[in-house]
Amino acid sequence: MKRSILIVVFAASSFFSCKKIVTLKLNNVPAAIVIQGEITDAPGPYTVTINQPVDFYASNTFPPISGAAVTISDNLGFTESLIELSPGVYITSLLQGVPGTTYSLSVTAQNVNYTAVSTMPMPVALDSISFQSNSGFGQTQITAIANFQDPAGIKNYYQFVEYLGGVQLTKDLFVFDDRLSDGRYINYTLFNDSSYLQYGDKLRVDMYCIDSSVYNYFFQLAQSSGAGAFNTTASPANPTSNISNGAYGYFSAHTISSQTELVP
Amino acid sequence: MLTTRAKRLRRSSFSLSFLLFPFLLSAQVRHTVSGTVRHTVSGTVRDQATGETLIGASVIFLGHSHAAGLSNAYGFYSINAVVGQYEMVVSFTGYRNDTIGVNLGRDTVIPVNLAPGSPQLQEVVVTANRNTNNVSRPLMGVQKLSISEIKDVPVLFGEKDILKTIQLLPGVQSGGDGSSGFYVRGGSIDQNLILLDEATVYNPSHLLGFFSTFNSDAIKDVTLYKGAIPAEFGGRLASVLDVRMNDGNIKDYVVSGGLGLISSRLNIEGPIEKDDGSFIVSARRTYADLFLKLSRDTNTNRSSLYFYDINAKANYKLGDKDHIFLSGYFGKDELGLGNTFGLDYGNSTATFRWNHILNSRLFSNTSLIYSKYNYDVTINSGKNDIGITSFIKDYHFKEDMEYYANASNKLDFGIDVIHHTTSPGVITASETSSFNPVSLQNKYSLESAAYISHDLSLSDKINVNYGLRANLFTVLGPGNFYTYDSSGNTIDTATYSSGQVVKNYFNLEPRFSMSIKVAATSSIKLAYTRTTQNLHLLSNSTSANPTDVWIPSSNNVKPEIADQVSVGYFRNFKDNQYEFSTEVYYRDMQNQIDYKNGAQLIANENVESELIFGKGRSYGVEVFAKKKVGRLTGWVSYTLSRTERQFNGVNSDNWYPANQDRTHNLSVVGIYKLNKKWTLSGDFVYYTGNAVTWPSGKYEVNGQIAFLYTQRNGSRMPPYNRLDVGATLQGKKTKKFDSNWNFSVYNLYGRENPYSISFQQDPGDPTKTQAVQYALFRWVPSVTYNFKF
């Protein structure tokens, strides 16, 4: 064994992540129907939209399906036929959503009948919105936190929708369940993948209490739509819809609790 | 003469085998009725300079092709022949041959010491040695790499790496840029049994895959079994990667190491007692995160991203017949983001081994093995303080016997018992946290196996290896075991107490391989292998994550079973300077595991209700050509293959390509010794892109764009290709000091190989959607300084 020696290290490396927009050859979309219906505990009218999917590289305008027969009924014997307000958009005129009630949707379009059932959970109040600022790697990011008490002993499913200056933020999807949080006071962080909140912005957060099938739908949708380099699941798939007969979309009876706050 | 004890041992082990396996009889009869007096030469093959034992060295009696063998995992060889005068030739890649005169009049012990030699020297030395083991031995689908072959192949960050290098071999597919994960003949990442000194390594990667857990300074030998898997091994479907650690220099104290941009290594080894015992300690640490410390931003300079690992081993000879070894590995990765997020994970293993030579023809090894993998996640966000931990832990007993009956018969038999404990998840949460503390019940199981395999030389031309592995997997209490209906609801809960048997799975795994020499240096080989697997990795991403959880077979999860048949043609050219082989394989897989759409894999007591079970198949043809000696060495490897899965409820119940299905897979590796100072190297890789699921269309829900999928894995990532080059500059070599500089460039022509492609709404034009491609590495140069004194 010999005496130790001094060692000089020279090293250089440059590796970086490169991101670019690519144009891919994708399959064409098959003929299909997309149904989206919501009933809330806020005053109506409530809307059911029916349209068709389009190819990936088409613009985001979805051909409406007109002339469908749409009815909503509840488990107390009330039934209402919806009227078509504009092509593909059907609205209620009498219905008022009540927590604890089970609603059934029936759509007959192009001679096919689609049905769905959703039960409006009991409401949970959104107490407040707070903000948290994280800095790191040369950036400061403000994220909103929804604060509320989860009721103990029952399964709860939540969905959050953000509005900035009255405009819905559509990039991220937030659903949360109390599987690991039953009965806790929840501080749910609405993580966004970009720093979009600025000082002085007016943020509104709507918290929905949704039923388990709607939660599963959005949870699966969130898993399959992750953007970013490391955010992709091995095998994205269409979320399991609560609507029958292969329709895409969902039918949700949910409560709404809102809070609006200025970003401090 | 044998001692009485050894005699008794020998008799009892024989009577057991005798009852179970009548073929042993034929081996014995052949030996005793031959009527000629036979004796045995045995010993250990070692490196002359360091005393390291050499695994798989070829030992033959010149002119007696029957009298031939290989040194075993501890360097032990045993050759049996009739009384006479022989010339025994011992050879091993990277070493000069040794020829020893043997006057065989009684059982003789001959230790063999080979001198390391460069290929050019060897070229001269190679004379009468017909080193055709690769052709004549029945095992197929076996790849062996020595560290000397790995060291010149350029790799990412200049850190020589066995897992990256085996990805350049036929039938082995890379998990992607900077991934230690690999796929063998259509198997999944978790279907490879990765062993370090016989201990299972559950997560073979550091830094999310950019480095492997194997520090090549500490590694002696790497063997990958992907076709005919010897009966000694079991527990995984697709392959066995058997990694053996160095024993440590038994002659002299040596310090060696390397300094690189990203990591440094230090290795110390030497005799405990000259020629009787030695030790080795090898350690590594990455320090890329030290640059983060320079940041003035508190969140950044408190972030961490590093790993370290330590390999240590000691061995000691207790007389001529006994040798004990103690080896261990400990590795840890630390990833942290300020004070808000932390993830650390690592493997630890320990192996105690006792080699005992019962007699010159019967070798025994007893191993006691411990292995553990765990991870620890901490999240501190606002009032949320959460910790998540999980582990898998094994206690393992293994007894292996090798009986060198005679030149035509060798028997391997033994038993193997592993006790597994898995802790799928424990969540701790602070008082103010949004989460409840949860502790999922530990799962216990016992994996017991007995095996026997027989190497039989039927004639000069036909060699056969056949064997059987009997495997019993026992699911043990305590715990609640659930039964689910088809939609995943719990319909029954059975409670078992500690040690109570919940379920037994018994599987017989026949193994068979055969070689038929069709000419002096060419052969045709056939093999059939059945393998089973009782530990399954649940992962919901394309590459393995440190937080993926292993689950044992249970009342709901059945053992995975694979059957593989393969046929090959092997030929050596030009005095065995060139090796050529081609193999065709078909593998059928049962009880494959996937999970339901939207499965909750984290901290879910009912995770088994989220699983679905299906089938797999893969087939392909592999071509491999290797030049072993000369100034230019290297290989070309090409695989044409198909890998498919079928699950009811997925892809309209139709077969679909697995993610890792890659039609073409080509690797070219070349190492050129320019002169005494410079060695140049390069490797080129091309493969078909992974099978992926891309959207066919889109629709709108809740104001957001959702994508519509029509076919599982119906699309293809763009093809992958890359060229790496490297150069090694050998410094002045003295008796006392040796050093070299290693330069390399990964991805020389800077191709942006897509790491992933994701789909999103166009940020500039919300009426459109776009596909975004991410690539990781372009031109990664690196410099490493290696030294030894």
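Which residues of helix α1(A) are buried? Keep that question open while you set up the view.

**Before you start**

This is a predicted model, where local features need pLDDT of at least 70, side-chain atom pairs count only at pLDDT 80 or more, and totals for chains, interfaces and linings use all residues. Residues are numbered from 1 along each chain as its sequence is written, while chains are lettered from A and ligands numbered from 1 in the order in which they are written.

Colour by pLDDT, the predictor's confidence in each residue, from 0 to 100. The complex has an ipTM of 0.90 and a pTM of 0.89 from the predictor.

**Stop 1: a helix in chain A**

Select residues 212-224 of chain A. This is helix α1(A), with 13 residues. Helices here are DSSP runs of H or I with at least four residues, strands are runs of E with at least two, and both are numbered from the N terminus. From first C-alpha to last, α1(A) reaches 18 Å, close to the 18 Å expected at 1.5 Å a residue. The expected span is 1.5 Å times one less than the number of residues.

Now the opening question. The buried residues are A:Val214, A:Tyr215, A:Asn216, A:Tyr217, A:Phe218, A:Phe219, A:Gln220, A:Leu221 and A:Ser224. A residue is buried if 20 or more other C-beta atoms lie within 10 Å of its own, exposed if 12 or fewer, and partly exposed in between, with C-beta atoms placed from the backbone.

What covers them? The cover includes β10 (112-119), β13 (157-164), β15 (174-177), β17 (202-210) and β18 (248-262) of chain A, together with β45 (704-708) of chain B. Show these strands next. The cover is judged by contacts: two residues touch in this sense if their C-beta atoms, placed from the backbone, lie within 7 Å.

**Stop 2: a covered strand in chain B**

Move to residues 219-225 of chain B. This is strand β16(B), and 5 of its 7 residues are buried. Two strands pair if DSSP finds at least two bridges between them. Strands of a sheet pair through backbone hydrogen bonds, either parallel or antiparallel. Click B:Leu145 and you will find B:Val222 of β16(B) opposite.

Is B:Gln143 buried or exposed? It counts as buried because it has 21 C-beta neighbours inside 10 Å. Leaving aside neighbours within four places in sequence, B:Gln143 is in contact with B:Ile166, B:Leu169 and B:Leu224.

**Stop 3**

The open sheet has 3 strands in the order β1(A)-β50(B)-β49(B), with antiparallel pairing. Neighbouring strands are turned by 30° against each other on average, direction ignored. The axes behind that angle are lines fitted to C-alpha atoms, for helices over the stretch in contact, and angles run from 0 to 180 degrees between N-to-C directions.

β49(B) and strand β50 (residues 769-775) of chain B pair over 7 bridges. Look for B:Ile757 opposite B:Gln773.

**Stop 4: backbone details in loops**

Zoom in on A:Pro45, in the loop between β2 (34-40) and β3 (47-51) of chain A. The peptide bond from A:Gly44 to A:Pro45 is cis, with omega near 0°. Jump to B:Pro478, in the loop between β29 (462-476) and β30 (479-484) of chain B. The bond from B:Gly477 to B:Pro478 is cis too, with omega near 5°.

Next, select two asparagines. A:Asn111 has a positive phi of about 65°, and B:Asn747 has one of about 60°. A:Asn111 is exposed, with 5 other C-beta atoms within 10 Å. B:Asn747 is buried, with 24.

**Last stop: confidence in chain B**

Chain B has a mean pLDDT of 87, and 91% of its residues reach 70 or more. Over residues 1-34 of chain B, the pLDDT is below 50. Residues 119-130 of chain B are also below 50. Where pLDDT is low, the predicted coordinates should not be read in detail.
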